[in-house]
Amino acid sequence: MKEYFKNIFVALWTILVGLRLTFKHLFVRAVTIQYPDVKLKLPERARNRLYVNIDDCIGCRQCEMACPVDCITIETVKALPNEDLGVTSTGNKKRLWVTKFDIDISKCCYCGLCVYPCPTECIYMTDVYEFSEYNRHNLIYHFSNFTPEEAELKKKQVEQFEIEQKMKKAVKPAEQVTVSNPGNPEEKS
Ligand code: SF4
Ligand code: SF4
């Protein structure tokens with residue numbers, strides 16, 4: 001009988017100890033938040049998802065070279081002499097078409113090394129940190145305005161232009177030799 005009442009006492013005591021802790025926490029300020037409904041304010045220099053303002057990119061590839069994990073891929077095509085690409089918002093002259101600018105964010109370690117060397121400050125960290133995907137290919141971000149077909153076409157235009165320039169240069173010296181050699185008997189006849 002004594003054991004019976006002892007067990008009841010222990011059970012009640014245990015409940016009271018537990019409830020004491022619960023009641024204590026009712027009056028303590030919460031340290032957690034109701035994420036994702038409530039979000040903490042991020043520090044000013046927090047590193048999250050990268051963004052590229054492609055209109056300001058001059059294709060210098062400094063960000064690509066600085067990246068320690070090679071997750072940036074850039075391809076550029078020289079603008080033709082009759083093409084004026086304008087200037088960036090920082091006043092840098094644009095001379096290259098940026099036909100490809102991909103960032104594989106699944107490889108990114110958020111070191112920020114690509115951000116600092118950019119001369120036009122067009123690659124930067126945003127405050128977006130929720131970008132999980134079911135398909136990892138969706139984590140490759142394409143920033144260029146060119147489709148692969150348009151990029152190919154642009155490349156071909158430049159190749160064609162360079163061929164034409166080479167041909168013109170090849171023709172010119174031959175003309176010069178003919179003009180600068182008046183004693184040539186073949187020319188007299
Ligand atoms: S933050 Fe670092 S790892 Fe990510 S793209 Fe920039 S340089 Fe590469
Ligand atoms: S460093 Fe800046 S301007 Fe140069 S390629 Fe990268 S994003 Fe473009």
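I searched the whole structure for salt bridges and got 6, a salt bridge being a side-chain nitrogen of Lys or Arg within 4 Å of a carboxyl oxygen of Asp or Glu. The model is predicted, so local features need pLDDT of at least 70 and side-chain atom pairs count only at pLDDT 80 or more, while totals for chains, interfaces and linings use all residues. Residues are numbered from 1 along each chain as its sequence is written, chains are lettered from A and ligands numbered from 1 in the order in which they are written, and side-chain values use heavy atoms, with hydrogens and water left out.

**Salt bridges**

I looked up Glu 162 and found its side chain in a salt bridge with Lys 78, at 3.8 Å from N to O. This pair links distant parts of the chain, with Glu 162 in helix H3 (residues 148-179) and Lys 78 in strand E2, 84 residues apart. I took helices (H or I, at least four residues) and strands (E, at least two) as DSSP runs, numbered from the N terminus. Glu 162 is partly exposed at 36% relative accessible area; buried means under 20%, exposed over 50% and partly exposed in between (1.4 Å probe, protein chains only).

Next I checked Lys 154, whose side chain meets that of Glu 83 in a salt bridge of 2.9 Å, N to O. Lys 154 lies in helix H3 and Glu 83 in the loop between E2 and E3, so the pair ties together parts that are 71 residues apart in sequence. Lys 154 counts as buried because its relative accessibility is 12%. Glu 83, at 22%, counts as partly exposed.

Lys 155 is partly exposed at 31%, and Glu 152 is partly exposed at 36%.

**Strands**

I then followed the pairing of E3, where two strands pair if DSSP finds at least two bridges between them. Strand E2 (residues 72-78) and strand E3 (residues 96-104) run antiparallel and are joined by 7 bridges. Thr 76 has Val 98 in E3 as its bridge partner. E3 also pairs with strand E5 (residues 140-142), in the antiparallel sense, over 3 bridges. Here Asp 102 stands opposite His 142 in E5.

Asp 104 is also in strand E3, and it is buried, with a relative accessible area of 14%. I took one C-alpha separation: Asp 104 to Leu 12, 92 residues apart along the chain, gives 59 Å.

**Surface patch**

Which residues make the nonpolar surface patch of about 1,200 Å²? I list Met 1, Tyr 4, Phe 5, Ile 8, Leu 12, Ile 15, Leu 19, Phe 23, Leu 26 and Phe 27. Phe 27 is in the loop between helix H1 (2-26) and strand E1 (50-52), and is exposed at 72%.

**Ligands**

I counted a residue as near a ligand if one of its heavy atoms lies within 4 Å of it. Ligand 1 is surrounded by 14 residues, the closest being Cys 67, Cys 108, Cys 111, Gly 112 and Cys 114. Around ligand 2 there are 14 residues, of which Cys 57, Cys 60, Arg 61, Cys 63 and Cys 118 come nearest.

Conventions. Patch = residues over 30% accessible without salt bridge, like charges linked within 9 Å, V, L, I, M, F, W, Y side chains within 5 Å. Areas by Shrake-Rupley, 256 points an atom, 1.4 Å probe, with all protein chains shown as cover.
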